[in-house]
Amino acid sequence: MAKNNQNEIDIVTTEKSKINTVDFNNLIFGRVFTDHMFVCDFEDGKWQTPKVMPYQAMSIEPSARVFHYGQAVFEGMKAYKDDDGKVFLFRPEDNHRRINKSAARLAIPEFPKDYFFNGLEALLNADKDWIKPGLGNSLYIRPFVIATEAAISASPAATYRFMIICSPAKAYYNAPVRVLFAEKFSRSADGGVGFAKAAGNYAAQFYPTSLAQKKGFQQIIWTDASTHKYLEEAGTMNIFFRINDTLITAPTSDRILDGITRKSVIQLAKDLGIKCEVRQVSVEEIKNAAKDGSLKEIFGAGTAAVISPVSAFEHADDVFEIEQIPNSYAMLFKEKLMHIQHNIGLDEHGWRYEVVSK
Ligand code: COI
């Protein structure tokens, strides 16, 4: 094992890479993990020396608070490689800001910015062969924090583990998705944790989503918890509606994730002269627009999902099929984003972050 220390990180690299066992043309999202992982423990009131080490199982006490109270938050990011082998992240400062915002809501200590960036750089350098060039290829990066203290009284932990694992990725959804508008279940409520990437926000969607899947819909578009009249987000992605030539998306709030792809789409729309209204959007408005033909598109926006078109929605037993139009806004934004991410297009807003090769 090679061992060295860069930026005060203990780095131990693997003796035997498993990269040759991976079929990069047939990846299922989030099933294959790279050779290394980043680990940093919070003990005695401070973050300890971070490590990059071979990806491996780890031992945690069964009484660790994360297993009992779900004190856990995460992020989703991607690394891209251009045709010259340069590696880029997309707006990573926003991920760092957001994981700390999520952490604060769950009484988890903030993770220092230099640890986050040095850790990412060391890990991506160790695993750089796993980042394949070409549009549509990326390395999905999953930073997360869990409460590790062995104690089951219902209070915040004194010890935590911050980790980053990586998984080579292509599309999250291989085809346009069919969605159901929520009528009974809720994802989040005012004053809750809906804005945070809290692990429990995702677990809470699994049962209602499994019911939707039995009816032939892959995802739920969540509505506001008190009236179920306003469309909010899809859980794996924020959501945009196009009525005639105007885009509409819900404003962020303490119920909705402040998506980095979402805000990039809003900015790109502005750059392209496409009207984008950030306002409440009702189920009734979208059903009426579907009936009178003015609803042209619905699409989701997220790191994993990138831009994913919606091909049908259901509400109160009414099913509306959405014709997939040529030259859609969804495809326009997807191409613009991917070109910026892969160092092909002009990066007017400074969203690309080059990971220096070491
Ligand atoms: C992401 O887009 O990074 C997410 O965290 C969504 C997740 C369900 C894959």
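This is a predicted model: local features need pLDDT of at least 70, side-chain atom pairs count only at pLDDT 80 or more; totals for chains, interfaces and linings use all residues.
I number residues from 1 along each chain as its sequence is written, and side-chain values use heavy atoms, with hydrogens and water left out.

**Entry on Asn26**

I placed Asn26 in the loop between β2 (9-12) and β3 (36-43); helices (H or I, at least four residues) and strands (E, at least two) are DSSP runs numbered from the N terminus. The side chains of Asn26 and Asp23 are joined by a polar contact of 2.7 Å. By polar contact I mean a pair of N or O atoms within 3.5 Å; within protein, one atom must be able to donate a hydrogen and the other to accept it, and residues adjacent in sequence count only if both atoms are side-chain atoms. I also noted that Asn26 and Lys170, 144 residues apart in sequence, have their C-alpha atoms 8.6 Å apart in space.

**Entry on the ligand**

I asked which residues are around the ligand. I found Phe74, Gly76, Tyr140, Arg142, Tyr172, Lys197, Tyr202, Thr236, Thr303 and Ala304, where the criterion is one heavy atom of the residue within 4 Å of the molecule.

I then looked up polar atom pairs. A polar side-chain atom of Lys197 lies 2.7 Å from a ligand oxygen, a polar backbone atom of Thr303 is 3.4 Å from an oxygen of the ligand, and a backbone N or O atom of Ala304 is 2.8 Å from a ligand oxygen. Taken alone, the ligand exposes 290 Å², and the protein buries 91% of that; these areas come from the Shrake-Rupley method with a 1.4 Å probe, and for residues only the protein chains shown count as cover.

The ligand sits in the largest pocket, in the sense that more than half of its atoms lie within 2 Å of the grid points of that pocket. The grid has a 1 Å spacing over the protein atoms alone, and a pocket is an open set of points with protein on both sides within 12 Å along at least five of seven lines.

**Entry on Glu232 and Ala234**

Both residues are in the loop between β12 and β13: I found Glu232 there, and also Ala234, with the strands at 219-221 and 238-243. Ala234 is buried at 1% relative accessible area, and Glu232 counts as buried at 7%.

What does Ala234 contact, leaving aside its neighbours within four places in sequence? I listed Gln205, Gln219, Ile220, Ile221, Trp222 and Ile239, taking contact as heavy atoms within 4.5 Å. On the same exclusion, the contacts of Glu232 include Ser188, Trp222, Ala250, Arg255 and Ile256. The side chains of Glu232 and Arg255 make a polar contact of 2.5 Å.

**Entry on Arg187 and Ser188**

I found Arg187 in the loop between β11 (177-181) and α4 (199-214), and Ser188 in the loop between β11 and α4 as well. Arg187 is buried at 8%, and Ser188 is buried at 11%.

The backbone oxygen of Arg255 lies 3.0 Å from a polar side-chain atom of Arg187 and 2.9 Å from a polar side-chain atom of Ser188. The side chain of Arg187 also makes a polar contact of 3.3 Å with the side chain of Glu233. Beyond four places in sequence, Ser188 is in contact with Gly194, Ala225, Glu232 and Arg255, while Arg187 touches, among others, Gly194, Trp222 and Gly235.

**Entry on positive phi**

Most residues other than glycine have a negative phi. I therefore noted Arg91, which is not a glycine but has a positive phi of about 50 degrees, and which is buried at 17%. Arg91 is in the loop between β8 (87-90) and α2 (92-105). Asn343 likewise has a positive phi, about 65 degrees, and lies in the loop between α7 (329-341) and β19 (352-355).

Methods. Buried means under 20% relative accessible area, exposed over 50%, partly exposed in between (1.4 Å probe, protein chains only). On a 1 Å grid over the protein atoms alone, a cavity is a set of points where a 1.4 Å probe fits but cannot get out, and a pocket is an open set with protein on both sides within 12 Å along at least five of seven lines; lining residues have an atom within 4 Å of a point.
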